[in-house]
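Hi everyone, thanks for coming. I'd like to walk you through one structure today, so please have a look at the screen.

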Amino acid sequence: MDTMIESEEASDTLNATDRCDYCGSQAYVWANGVSGDLLFCRHHFLKSEEKIRDWAFEIIDEAYKANQK
Ligand SMILES: [Zn+2]
């Protein structure tokens, strides 16, 4: 019995159908702030990272997934 059970744990907040709210690219960062939540691609997250970190009280960064195909 060598069946690998891949549990979909932790890092499934974002998936390929999530799109950046700014450009529509695949989103890798989810930020939850006082006025709602936003999705960002890597580019737009880095572009406004300071503002986002100021605004959001919760950020999930799954940019490492960008290296997985
Ligand atoms: Zn974007």
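**The sheet and the zinc site**

Let's begin with the sheet: three strands form an open sheet in the order β2-β1-β3, and their pairing is antiparallel. The edges belong to β2 and β3, which covers 56-61; each has a single partner strand, so one side of each has no neighbour in the sheet. From one strand to the next, the twist averages 15°. Please keep in mind throughout that this is a predicted model.

Now look at the pairing of β1 with β3. These two strands run antiparallel and are joined over five bridges.

Let's step back to the whole chain. How many helices and strands does the chain have? There are two helices and three strands. Starting at the N terminus, the elements come in the order β-β-α-α-β.

On to the part I expect you'll enjoy, the metal. Which residues are the protein donors of the zinc ion? They are Cys-20, Cys-23 and Cys-41, each through SG, together with His-44 through ND1. These donors lie 2.0 to 2.3 Å from the zinc ion. Along the chain, the spacing of the donors reads C-x2-C-x17-C-x2-H.

Cys-23 sits in the segment before β1 (29-33), while Cys-41 is in the loop between β2 (36-40) and α1 (42-47). The two are 18 residues apart, and the pair links distant parts of the chain.

Why do we call the arrangement around the zinc ion tetrahedral? Because the four donor atoms subtend angles of 103 to 113° there, and four donors count as tetrahedral if all angles lie between 85 and 135 degrees. For reference, the ideal angle for four tetrahedral donors is 109.5 degrees.

Back to our two cysteines: are they buried or exposed? Cys-41 has a relative accessible area of 5%, so Cys-41 is buried, the cut-off being under 20%. Cys-23, with a relative accessible area of 40%, is partly exposed.

A few totals to finish. Of the 69 residues in the chain, 29% are buried. The chain exposes about 5300 Å², and carbon and sulfur atoms supply 48% of that. Among contacts in the chain with a separation of 6 or more, 33% are between residues 24 or more positions apart.

How values were computed:
Residues are numbered from 1 along each chain as its sequence is written. This is a predicted model: local features need pLDDT of at least 70, side-chain atom pairs count only at pLDDT 80 or more; totals for chains, interfaces and linings use all residues. Side-chain values use heavy atoms; hydrogens and water are left out. Donors are N, O and S atoms within 2.8 Å of the metal (3.2 Å for Na, K and Ca); water is not among the atoms, so sites may look incomplete. Four donors count as tetrahedral if all angles lie between 85 and 135 degrees; four count as square planar and six as octahedral if opposite donors are over 155 degrees apart and all others between 65 and 115; anything else is irregular. Helices (H or I, at least four residues) and strands (E, at least two) are DSSP runs, numbered from the N terminus. Buried means under 20% relative accessible area, exposed over 50%, partly exposed in between (1.4 Å probe, protein chains only). Two strands pair if DSSP finds at least two bridges between them. Axes are lines fitted to C-alpha atoms, for helices over the stretch in contact, and angles run from 0 to 180 degrees between N-to-C directions. Contact means heavy atoms within 4.5 Å. Accessible areas come from the Shrake-Rupley method with a 1.4 Å probe; for residues, only the protein chains shown count as cover.
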